[in-house]
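I opened this entry to keep track of what I looked up in the model.

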Amino acid sequence: MQRRHLFAVLLSATLVSPFASGQETIRLSTTTSTENSGLLKQLLPAFEAKTGYKVHVIPVGTGKALELGRNGDVDLTLVHARKLEDQFVGEGWGVDRRDVMYNDFIVVGPSEDPARLKGTKDVIAAFRRIAATGAKFISRGDNSGTDVMEKGYWQQAGVKPAGANYVSAGLGMGEVLNMAAEMKAYTLTDRATYGAYQARTGLAIIIEGDKRMFNPYGIIAVNPAKHPKVNYKGAKQLIEWITSPEGQGRIAAFKPAGEQLFFPSAR
């Protein structure tokens with residue numbers, strides 16, 4: 001009798017537990033910058049300890065991260081391409097979008113600075129000069145947030161980059177930084193990933209401070225009306241936590257080598 005009662009109690013607990021039946025894991029697609037910089041290693045253990053969830057991180061470019069959301073292969077996404085984010089939500093694939101944080105883009109390159117850009121701040125003029133001088137440039141070429149931003153700069157500059165000195169890598173930010181170092185080329189990067197790779201690449205910051213290089217990040221839950229099997233409850237908890245004072249405080253406190261790489265922006 002006691003054994004039957006114990007089994008009933010355990011069965012009841014399993015049925016009501018929010019972490020049972022596959023709910024223990026939250027699948028998060030995100031940009032390579034949040035992973036390569038080490039930010040998620042700072043944030044997620046605290047969330048997991050507090051909630052009991054385990055967050056499975058899939059670091060890819062923003063375009064791929066949103067595609068995973070459209071396919072229902074993740075529960076939420078943390079990305080940095082506002083136009084693509086708004087399209088994702090507008091088409092009904094995402095819900096509950098929140099601002100999370102921001103940093104900025106920078107142009108980096110060899111310390112020799114063959115295009116003589118150092119000391120300037122106009123990113124559009126810099127792109128024109130890179131093209132005019134025939135300096136090497138490595139593009140992400142992967143429809144990431146960085147890639148979308150770079151393509152926008154070329155468009156504003158009135159330039160269609162092509163030829164042997166323009167390489168579309170189709171790779172993540174870390175690999176592109178390594179390529180730029182090897183080829184003594186320029187590239188556009190987010191400041192956080194550059195900080196993680198600076199020592200190994202030796203690349204210098206060439207252009208920074210242009211307001212057009214502002215880089216905001218947003219978090220979006222996959223719409224459960226589109227994909228009923230997603231873990232919307234877990235996604236919602238992670239959104240609430242990362243935009244809470246605790247989550248925002250941990251973002252602000254992330255300062256590898258004493259430099260703050262992300263700035264909280266949740267409202």
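**Loops and backbone**

I started with K184, which lies in the loop between α8 (173-183) and β7 (187-190). The model is predicted, so I kept to local features with pLDDT of at least 70. Phi of K184 is near 50°, a positive value, and the residue is not a glycine.

I then turned to D113, in the loop between β4 and α6 (123-133). Its phi is also positive, about 50°, and D113 is not a glycine either. Is D113 buried or exposed? D113 is buried, at 7% relative accessible area.

**Salt bridges**

How many salt bridges does a search of the whole structure find? The search gives 22. I looked up a few of them.

I took D75 and R27 to begin with. Their side chains form a salt bridge, with N to O at 2.9 Å. D75 sits in the loop between α4 (62-70) and β3 (76-79), and R27 in strand β1 (residues 25-30). The two are 48 residues apart, so I noted a link between distant parts of the chain. D75 has a relative accessible area of 2% and is therefore buried, under the 20% cut-off. R27 is at 24% and counts as partly exposed.

Next I checked D99. It forms a salt bridge with R82, and the closest N and O atoms are 3.7 Å apart. D99 is in strand β4 (residues 94-109), while R82 is in helix α5 (residues 82-90), 17 residues apart. D99 is buried at 16% relative accessible area. R82 is partly exposed at 40%.

Which other partner does the side chain of D99 meet in a salt bridge? I found R267, at 2.8 Å from N to O. R267 lies in the segment after β10 (263-264) and D99 in β4, so this pair ties together parts that are 168 residues apart in sequence. R267 is exposed, with 87% relative accessibility.

R82, E85, D86, R97, D99 and R267 are linked in a network of salt bridges. As a reminder to myself: side chains of opposite charge can pair when their charged atoms come close.

**Nonpolar cores**

I looked up the largest nonpolar core, which has 27 residues. L76, L78, M101, L238 and F262 have the most contacts inside it. At least two residues come from each of β1, α3 (39-51), β3, β4, β9 (214-222) and α10 (232-242). Which element gives the most to this core? I noted α3, with six residues.

I also listed the contacts of M101, leaving aside neighbours within four places in sequence. Among them are T34, L39, L78, Y217, I251 and F262. N215, P216, F263, P264 and S265 are also in contact with M101. There is a second, separate core of 21 residues, which includes V123, I124, Y166 and Y186. In soluble globular proteins, nonpolar side chains tend to be buried together.

**Helix packing**

Last, I checked how α3 and α10 pack. The angle is about 120°, and the axes are 11 Å apart. The two helices are therefore oblique to each other. Their crossing is right-handed. On the α3 side, L43, L44, A46, F47, K50 and T51 make the contact. On the α10 side I noted G234, Q237, L238, W241 and I242.

Terms used:
Residues numbered from 1 in each chain as written. Predicted model: local features only at pLDDT ≥ 70, side-chain atom pairs only at ≥ 80, totals over all residues. Heavy atoms only, no water. Salt bridge = Lys/Arg side-chain N within 4 Å of Asp/Glu carboxyl O. Helix = DSSP H or I, 4+ residues; strand = E, 2+ residues; numbered from the N terminus. Buried < 20%, exposed > 50% of the residue type's maximum accessible area, 1.4 Å probe, protein only. Core = buried A, V, L, I, M, F, W, Y, C linked by side-chain atoms within 4.5 Å. Contact = heavy atoms within 4.5 Å. Axes fitted to C-alpha atoms, helices over the stretch in contact; angles between N-to-C directions. Parallel < 35°, antiparallel > 145°, perpendicular 65-115°, else oblique. Left-handed = near helix turned anticlockwise from the far one by under 90°.
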